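Below is a short report on the architecture of one protein chain. Have the sequence and the coordinates open while reading.

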Amino acid sequence: MLILGIETSCDETGIALYDGEENKIIFESLFSQADKHSLYGGVVPELAARDHTNKLLPLLKKGLDDSNMSLKNIDAIAYTKGPGLRGPLMVGSAFAKSLGFALDVPVIPVHHMEAHLLMAKYDAPQLKYPFLTLLVSGGHTILAKVESSGVYKILGQTIDDAVGEAFDKTAKLLGLRYPGGPEIEKNAAKGEKMKESFPRPMLKSEDYNFSFSGLKTAVLYKVNLLKKKNEFTKQTISDVSLEFQEAAIDCLLYKTKKALIDFNLNQVVLSGGVAANKQLRKRFNEELGKKYTVIYPDFSHCTDNGAMIAFSGFEKLSSCDKENNISVNPRWSLEEI
Ligand code: KG4
Ligand code: ZN
């Protein structure tokens, strides 16, 4: 059973072909639009949608050619139905539905965040239900209990900015390019601890929620002060990156540990773009790894990709979409799956 996965929820065009019986990725192709959007300091939805229309067919053709496959080999098509940006989602949905109609194969709508989380099972097949998951991306910061396949209980989430968004906005304040996560990570590696650290918002709240907008504002004040004192240099940019990254990781780590204890769980899956952060992985491994099993997808499968959509599609074969309308759900909650 070969499933084609199509990801277009934001600014990466991802296509992959996955063999469900062999549990093997036949090909995966990705085109990142980051260079285009970095000119504007963030994703421009209209440009993202236009670029997906340009890239989907060539990526599919190249992937099929390189792996000696043809359209005839495709048994089902999975696509990201949401959450994400409406225009970009519509492009992927239209592509998937039209191809499915032409090939007369089932089309499976996939939840983008569930796909991030399920991909951990591809890279770590030993994972057993129930487990805790921390989903950290550009649009979401969710702590959820995974009871069984498709049964999610959201324990907490961000009440304002997503943590990836905070990385991106902080990078912008520091004059670093989009996407900010990898840039902050790179600079933080050269940074030194500052005299005063940034606040850890909501660390002591009794719930499992997060807040990152205050942290970003604290960075803004710091940057303004450094500029006023003529101390806004390469070194202080690195120092602020380090302090921001440590504060964000502390918040994620604290609430994750609290949920593991309170819900008596012994495994946690981290996924989404921010889970590609090496310092975050190091701190989670050091501080939770002795007592709990900490699982991440491979680095290349943390950020958006087509393989996670194809893999998730295979798990969700029974929920194939019988209608031929082109539908998306930009605000689809994990609990509504
Ligand atoms: O999962 P993803 O590719 O797309 C969404 O579903 O949003 O996540 C993108 C986010 C961006 O905010 C990006 O800055 C962040 O993940 N990110 C990182 C790293 N790589 C990507 N954040 C911190 N450290 C990284 N190495
Ligand atoms: Zn994502």
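## The β2–β3 pairing

L17 has F27 in β3 as its bridge partner. Strand β2 (residues 12-19) and β3 run antiparallel and are joined by eight bridges. Two strands pair if DSSP finds at least two bridges between them. Helices (H or I, at least four residues) and strands (E, at least two) are DSSP runs, numbered from the N terminus. N23 lies in the loop between β2 and β3. N23 is not a glycine, yet has a positive phi of about 50°.

This is a predicted model: local features need pLDDT of at least 70, side-chain atom pairs count only at pLDDT 80 or more, and totals for chains, interfaces and linings use all residues. Residues are numbered from 1 along each chain as its sequence is written, chains are lettered from A and ligands numbered from 1 in the order in which they are written, and side-chain values use heavy atoms, with hydrogens and water left out.

## The sheet containing β1

The strand order is β3-β2-β1-β4-β5, an open sheet of five strands with mixed pairing. β3 (24-32) and β5 (107-111) stand at the edges with a single partner strand each, so one side of each has no neighbour in the sheet. From one strand to the next, the twist averages 20°. Axes are lines fitted to C-alpha atoms, for helices over the stretch in contact, and angles run from 0 to 180 degrees between N-to-C directions.

Helix α4 (residues 112-123) packs on this sheet. The helix touches β1 (2-7), β2, β3, β4 (76-82) and β5, and its direction makes about 95° with that of β5. Contact means heavy atoms within 4.5 Å.

## An aromatic link

Eight aromatic pairs are counted. Rings of Phe, Tyr and Trp (its six-membered ring) pair if their centres lie within 6.5 Å; planes under 30 degrees apart count as stacked, over 60 as edge-to-face and the rest as tilted. Y18 and Y122 have ring centres 6.1 Å apart and planes at 80°, so this pair is edge-to-face. Y18 lies in strand β2 and Y122 in helix α4, so the pair ties together parts that are 104 residues apart in sequence.

## The sheet containing β6

Another open sheet has five strands in the order β8-β7-β6-β9-β10, again with mixed pairing. β8 and β10 (293-295) stand at the edges, each with a single partner strand, so one side of each is left without a neighbour in the sheet. Neighbouring strands are turned by 25° against each other on average, direction ignored. α4 lies across β6, β7, β8, β9 (267-271) and β10, at about 125° to β6.

Strands β7 (residues 141-148) and β8 (residues 151-157) run antiparallel, joined by six bridges. V146 stands opposite Y152 in β8, and L143 opposite G156.

## Cis peptides

G82 and P83 are joined by a cis peptide bond, with omega about -10°. P83 sits in the loop between β4 and α3 (86-103). A cis bond also joins Y129 and P130, with omega about -10°. P130 is in the loop between α4 and β6 (131-136).
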